[in-house]
Amino acid sequence: MKSLEKVPEIIREAKSVGHVIDFKWNEKIMEKLIDPAENHNKLENALESISYKASLGLTAALLEWIYWRYKSHTESSQEMKLRIEALWCSISNPEYTKPLVFDLNMDAPATGPIDGPLWVALMNVRMVDVLRRKGSYYLQSEIVGLALLARHISPKKKIFNKWLKNTLKELKHIFPCQYTYDNIKATDEEVYNPSAEPVISRDFFFDPFYIYSAKSSETSIKDFVASLNYETNPFLCFPKEAS
């Protein structure tokens, strides 16, 4: 799976491509997705059990669910594609990526079932990127809202739920978290370096026939990153330009 041009079969199966925008959306729903209440302990615990790089891969995969849901509905979805590419690049070559800046003044349109979910998704991913660049140990907890959003807009929620459950189970088994939160001080001074963690590829999330190995994962993500266009994606750069 060397590019984002082909729809993953699981996303097609969930009827996320071209399906009418028919889910409920209002200010209350939006607020819950921006700042999820503390009643998602099972999901939070599952996310906290997977590695840093696995969390970044999951962020990219969840954003891809949202990207395909909106691809035929708005040109704004194309910005998601660029950010997905940057997220995968950050796993393989973090110095080749620029900050995923988004709506710094908090004044972009964020209402309605198109602009609202897009704003929530991009802001959530922006926060994940900010934490990654700071080396924060608490990266995983920011993914809850993105997972809830992807589920909310999915036409076939049972299929998405099954995919997420199975994915988290496999991630915990193959890419377990390399630290425990009990031993971390809740301050910005604690910095985590995930460079020693094994990389994860897009195939892990979307190729049903993919069999993980360290070598196959390295090869897959390198092939994906090699296919990216650094001149047309504003979130990618050469090392000397990295922020």
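My entries follow, by topic.

**Ground rules**

I am working from a predicted model, where local features need pLDDT of at least 70, side-chain atom pairs count only at pLDDT 80 or more, and totals for chains, interfaces and linings use all residues. I number residues from 1 along each chain as its sequence is written, and side-chain values use heavy atoms, with hydrogens and water left out.

**Disulfides**

I searched the whole structure for disulfides (pairs of cysteine sulfur atoms within 2.5 Å) and got 0.

C89 is buried at 0%, and C237 is buried at 1%.

**Salt bridges**

I counted a salt bridge when a side-chain nitrogen of Lys or Arg lies within 4 Å of a carboxyl oxygen of Asp or Glu. The structure has 6 of them. For helices I used DSSP runs (H or I, at least four residues), with strands as E runs of at least two, numbered from the N terminus.

I started with E5 and K81, whose closest N and O atoms are 2.3 Å apart. E5 sits in the segment before α1 (9-13) and K81 in helix α5 (residues 77-92), so this bridge links parts 76 residues apart in sequence. Which end is buried and which is exposed? E5 is exposed at 55%, while K81 is buried at 13%.

Next I looked at R69 and D22, which pair at 3.6 Å, N to O. R69 is in helix α4 (residues 52-70) and D22 in the loop between α1 and α2 (27-34), so parts 47 residues apart in sequence are tied together. R69 is buried at 1%, and D22 is partly exposed at 49%.

Then I took R202 and E64, with closest N and O atoms 2.6 Å apart. R202 belongs to the loop between α8 (157-174) and α9 (203-206) and E64 to helix α4, so the bridge spans 138 residues of sequence. I found R202 buried at 3% and E64 buried at 0%. I also noted that D129, R132 and R133 are joined into one network by salt bridges that share partners.

**Aromatic pairs**

I paired rings of Phe, Tyr and Trp (its six-membered ring) if their centres lie within 6.5 Å; planes under 30 degrees apart count as stacked, over 60 as edge-to-face and the rest as tilted. That gives 17 aromatic pairs.

For F23 and W25, I have centres 6.4 Å apart and planes at 80°, so I logged the pair as edge-to-face. F23 is buried at 12%, and W25 is buried at 15%.

How are the rings of F175 and Y212 arranged? Their centres are 5.0 Å apart and their planes at 70°, so this pair is edge-to-face. F175 is in the loop between α8 and α9 and Y212 in the loop between α9 and α10 (214-226), so parts 37 residues apart in sequence are tied together. F175 is buried at 1%, whereas Y212 is partly exposed at 26%. I found both in one aromatic cluster made up of W88, F175, F204, F205, Y212 and F224.

**Pockets**

I used a 1 Å grid over the protein atoms alone: a pocket is an open set of points where a 1.4 Å probe fits, with protein on both sides within 12 Å along at least five of seven lines, and lining residues have an atom within 4 Å of a point.

The largest pocket has a volume of about 500 Å³, taken as the space filled by probe spheres set on the points. I listed 17 lining residues, with W163, T167, F204, F205 and P208 nearest the centre. Two or more residues each come from α1, α8 and α9, and α8 gives the most, with 7.

The second largest pocket has a volume of about 370 Å³. Of its 13 lining residues, K42, L43, L164, K165 and L168 are the closest to its centre. Here too α8 gives the largest share of the lining, 6 residues.

Key: Buried means under 20% relative accessible area, exposed over 50%, partly exposed in between (1.4 Å probe, protein chains only).
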